[in-house]
Amino acid sequence: MTIALALIASVSAEKVQTPVPIGVALAQTSNTALLGQEQVIGARLAEKHINAHGGIGGTPIKLVFQDAAGDENSAINAFQNLITKSNVVGIVGPTLSQQAFAADPIAERARVPVLGPSNTAKGIPQIGDYVARVSAPIAVVAPNAVRQAMKLDPKIKKAAVLYAQNDAFSVSETEAFQKAAKDQGISVATVQKFQTTDTDFTTQVTAVLNADVDLVILSGLAADGGNLVKQLRQLGYKGLIVGGNGLNTSNIFPVCQKYCDGVIIAQAYSPAQPSAANQLFVKEYRAQYKKDPPQFAAQAYAGVQVMTDALRVLDRKKKLAQWDLDELRAALNKQILAGKYNTPLGELRFDKEGEILQKDFYVAQIRMKDAKTGTFVFLK
Ligand code: 1QQ
């Protein structure tokens with residue numbers, strides 16, 4: 001039986017297609033698209049750049065997009081389609097850690113390498129051997145925002161912490177935030193929970209106001225997070241607000257409008273990162289979008305680039321079209337972890353579990369010009 005199955009498996013082995021298909025499973029619909037939209041832009045820019053520079057040894061790459069929306073089932077379906085129908089060599093995605101914990105095991109079982117472009121919760125690389133991430137763990141990124149808040153207002157003593165309890169990333173981030181607050185000598189006066197699907201935060205905001213705090217630290221996603229910021233200000237909260245990675249997009253501007261002003265958010269990317277790879281990315285992004293690239297675009301770009309750089313190494317050993325697909329997927333996974341990459345995030349590599357090793361982190365503060373337009377201003 002086992003021998004028969006093994007024979008079938010080897011007989012049915014697929015060859016690698018050209019152009020080389022790389023799967024991209026990001027949120028193109030749902031509220032999570034507020035975050036996913038910037039990732040799609042970043043991935044497409046990478047594809048354009050790579051193919052304009054000769055692809056992989058003369059063979060172009062082709063990104064195959066499957067909408068992973070904002071829930072677990074959509075991410076699972078997207079992964080399955082990419083793996084079994086589109087025969088991709090690897091996958092960049094999904095958008096949320098909450099989805100990664102559900103969908104990455106599908107890729108792990110199929111032995112298809114995954115690069116998480118924005119999966120920052122604790123435990124992502126440990127999902128399996130085929131799972132790595134180009135998004136630095138939130139435990140490393142988030143504390144920078146609390147330190148920066150203390151720098152802006154050294155008199156901060158008491159914080160209120162809020163988080164979305166139905167989202168794995170938010171649960172992970174609030175843990176990092178609460179530890180960072182204590183490390184800075186800030187006491188956590190109240191911890192309020194909500195759901196990413198909530199729209200009315202009166203209960204939580206009332207508790208924050210009653211606690212009389214001088215800092216609010218908020219972990220949620222873009223729509224809920226933006227609404228929370230707005231309702232905090234409308235109901236009279238005047239102190240500093242630190243927002244987490246789920247608010248890290250100008251797509252929250254239409255949600256919290258002028259009330260977005262002043263929100264402090266830690267960054268795993270800066271347009272000012274001096275590497276040649278980044279300056280080229282910034283130039284190409286600016287030419288097309290007339291503004292600086294945001295973190296989620298840079299990380300998705302880095303994901304596609306890392307996969308392509310690793311494929312180039314393998315292509316030099318044997319042209320990709322001559323590999324069996326299963327064999328290439330396994331070799332690609334090893335090569336991703338072995339390489340060193342010059343990306344818009346700076347120079348990066350991975351530890352043996354697939355955790356990103358990245359050097360530079362930043363903090364930005366939202367500055368609104370009016371109700372609609374604003375920018376992320378990087379703080380020193
Ligand atoms: C995660 C995140 C999200 C907020 C990124 C879109 O960091 O789910 O891990």
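**Disulfide and ligand site**

Student: How many disulfides are there in this one?
Tutor: This is a predicted model, and the count comes to one disulfide.

Student: Which cysteines form it?
Tutor: Cysteine 256 and cysteine 260, with their sulfur atoms 2.1 Å apart. A pair counts when the sulfur atoms are within 2.5 Å, so this pair qualifies.

Student: Is that disulfide right-handed or left-handed, and why?
Tutor: The torsion about the S-S bond of cysteine 256 and cysteine 260 is about 105°, so the disulfide is right-handed.

Student: And cysteine 256, buried or exposed?
Tutor: Buried: cysteine 256 has a relative accessible area of 0%. Cysteine 260 also counts as buried, at 0% relative accessibility. The cut-off for buried is under 20%.

Student: Switching to the ligand. How many residues surround it?
Tutor: The ligand is surrounded by 13 residues. The closest are Ser97, Ser118, Thr120, Phe169 and Asn245.

Student: How do those residues divide into nonpolar, polar and charged?
Tutor: The shell around the ligand has six nonpolar residues, seven polar and no charged.

Student: What is 2.4 Å from an oxygen atom of the ligand?
Tutor: An N or O atom in the side chain of serine 97.

Student: What about serine 118 and threonine 120, which part of each is involved?
Tutor: The backbone. A backbone N or O atom of serine 118 is 3.1 Å from a ligand oxygen atom, and for threonine 120 a backbone N or O atom lies 2.7 Å from an oxygen atom of the ligand.

Student: How much of the ligand does the protein bury?
Tutor: The protein buries 100% of the 280 Å² that the ligand exposes when taken alone.

Student: Which cavity is the ligand's space?
Tutor: The ligand takes up the largest cavity.

Methods. Residues numbered from 1 in each chain as written. Predicted model: local features only at pLDDT ≥ 70, side-chain atom pairs only at ≥ 80, totals over all residues. Heavy atoms only, no water. Buried < 20%, exposed > 50% of the residue type's maximum accessible area, 1.4 Å probe, protein only. Near = heavy atom within 4 Å. Polar contact = N/O pair within 3.5 Å; in protein donor to acceptor, adjacent residues only side chain to side chain. Areas by Shrake-Rupley, 256 points an atom, 1.4 Å probe, with all protein chains shown as cover. 1 Å grid on protein atoms, 1.4 Å probe; cavity = no way out; pocket = protein on both sides within 12 Å on 5 of 7 lines; lining within 4 Å. Sits in = over half its atoms within 2 Å of the grid points. Nonpolar A, V, L, I, M, F, W, Y, C, P; charged D, E, K, R; others polar.
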